[in-house]
Amino acid sequence: EEVNRELLKSVVKVFVEIGDWRPLFPTRTGEEIGDIGAARFNIYNKELETALLSATSEFYARESASWIGTDSCPEYMKKAENRLQQEVDRVAAYLHSSTEEKLLKECETQLLANHQTVLLDKEETGCRALLREEKTEDLKRMHKLFLRLPNSTTCGLQPISQIVREHIVDVGMSLVRKEEAEKDHTNYAQQLIDLHDTYLALVQGPFGNNTLFQKVLKEAFEVFVNKDIGNATTAEL
């Protein structure tokens, strides 16, 4: 359904201009004078913004619940990215700019935070699959989206960085086991260098050279780079 944005913009302007100026004119002795900025937005916040934020949260809770069960991780992320941009455009078109941060927080909670674990763990298309298949554009989008969230063990970039660490360790240990079965170790050191270059490019590219991913790259290589191959150390090889 098409929205009359000009009409909505005018209505919003009226809400802001009306305000609620009563706090600026105390009626009792000793009562403090209210903040002029807060007074200006009292009506807008109470009568429009609060209901808007609640309705937006409920809408994206329903929509994201329908997506998460059927969409691949890349498909879901593209839809979430598109929805977030639409909300930015909506604020610019007819809402007050002060609403943008609060509106996006509601969207990020419903679209990203509430489904992050399930999204990352999708067996065929989640973070591990994207790393295996070197889907750099999808990994870049993942970093961009979840950078929006606060970091914790289950939220934001931290869970992604741990999956990256596990992936690099798995690849590195596979190389170690392969090398242990070989008689000629001439190329082993170069293979380690090449492997590091590959994941350094991943950190510097899709993951924006984020310090969290620099750290897990270092930690992952420390797990396997000094493993002895036969009777020889990596340094000797």
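So, E87 and R90: both of these residues are buried, where buried means under 20% relative accessible area, exposed means over 50%, and partly exposed is in between, using a 1.4 Å probe and protein chains only. R90 counts as buried because its relative accessibility is 17%.

Before I go on, this is a predicted model, so local features need pLDDT of at least 70, side-chain atom pairs count only at pLDDT 80 or more, and totals for chains, interfaces and linings use all residues. Residues are numbered from 1 along each chain as its sequence is written, and side-chain values use heavy atoms, with hydrogens and water left out.

Okay, back to our pair. E87 and R90 form a salt bridge, and their closest N and O atoms are 2.7 Å apart. By salt bridge I mean a side-chain nitrogen of Lys or Arg within 4 Å of a carboxyl oxygen of Asp or Glu. With that rule, the count comes to 13 salt bridges. E87 and R90 are 3 residues apart in helix α3, so about one helical turn separates them. Helices here are DSSP runs of H or I with at least four residues, strands are E runs of at least two, and the numbering starts from the N terminus.

What else does R90 touch, leaving aside neighbours within four places in sequence? The partners are L52, T56, L95 and L103. Contact, by the way, means heavy atoms within 4.5 Å.

Now let's follow α3 to its partner, helix α4, which covers residues 100–111. Two packed helices are described by the angle between their axes and the distance between the axes. For α3 and α4, the axes come within 10 Å and cross at roughly 165°. That makes α3 roughly antiparallel to α4. The axes are lines fitted to C-alpha atoms, for helices over the stretch in contact, and angles run from 0 to 180 degrees between N-to-C directions. As for the words, under 35 degrees is roughly parallel, over 145 is roughly antiparallel, 65 to 115 is roughly perpendicular, and the rest is oblique.

The α3 and α4 crossing is right-handed. Right-handed means the near helix is turned clockwise from the far one by less than a right angle, and left-handed means anticlockwise. On the α3 side, the residues in this contact include our E87 and R90, and on the α4 side they include L103, L104 and C107. The contact residues divide into 9 nonpolar, 1 polar and 5 charged.

K144 pairs with E81, with the closest N and O atoms 3.9 Å apart. K144 sits in helix α7 (residues 136–146) and E81 in helix α3 (residues 73–94), so the pair ties together parts that are 63 residues apart in sequence. Is K144 buried or exposed? At 55% relative accessibility, K144 counts as exposed, while E81 is partly exposed at 26%.

R141 and D138 are 3 residues apart, about one turn of the helix. R141 is buried, with a relative accessible area of 18%, and D138 counts as buried at 12%. Through shared partners, salt bridges join E81, D138, R141 and K144 into one network.

M77 also belongs to α3, and M77 is buried, at 1% relative accessible area. Its contacts beyond four places in sequence include D138, R141 and M142. M77 and M142 are 65 residues apart in sequence, yet 7.1 Å apart in space, C-alpha to C-alpha.

Last stop, another pair of helices. α8 (residues 157–180) and α9 (residues 188–204) pack at about 165°, with axes 11 Å apart. They're therefore roughly antiparallel to each other, and their crossing is right-handed. Among the residues that meet there are I168, V171 and L175 in α8, and L192, L195 and Y199 in α9. This contact divides into 8 nonpolar, 3 polar and 2 charged residues.

That's my tour, thanks!

Conventions:
Ala, Val, Leu, Ile, Met, Phe, Trp, Tyr, Cys and Pro count as nonpolar, Asp, Glu, Lys and Arg as charged, and the others, Gly among them, as polar.
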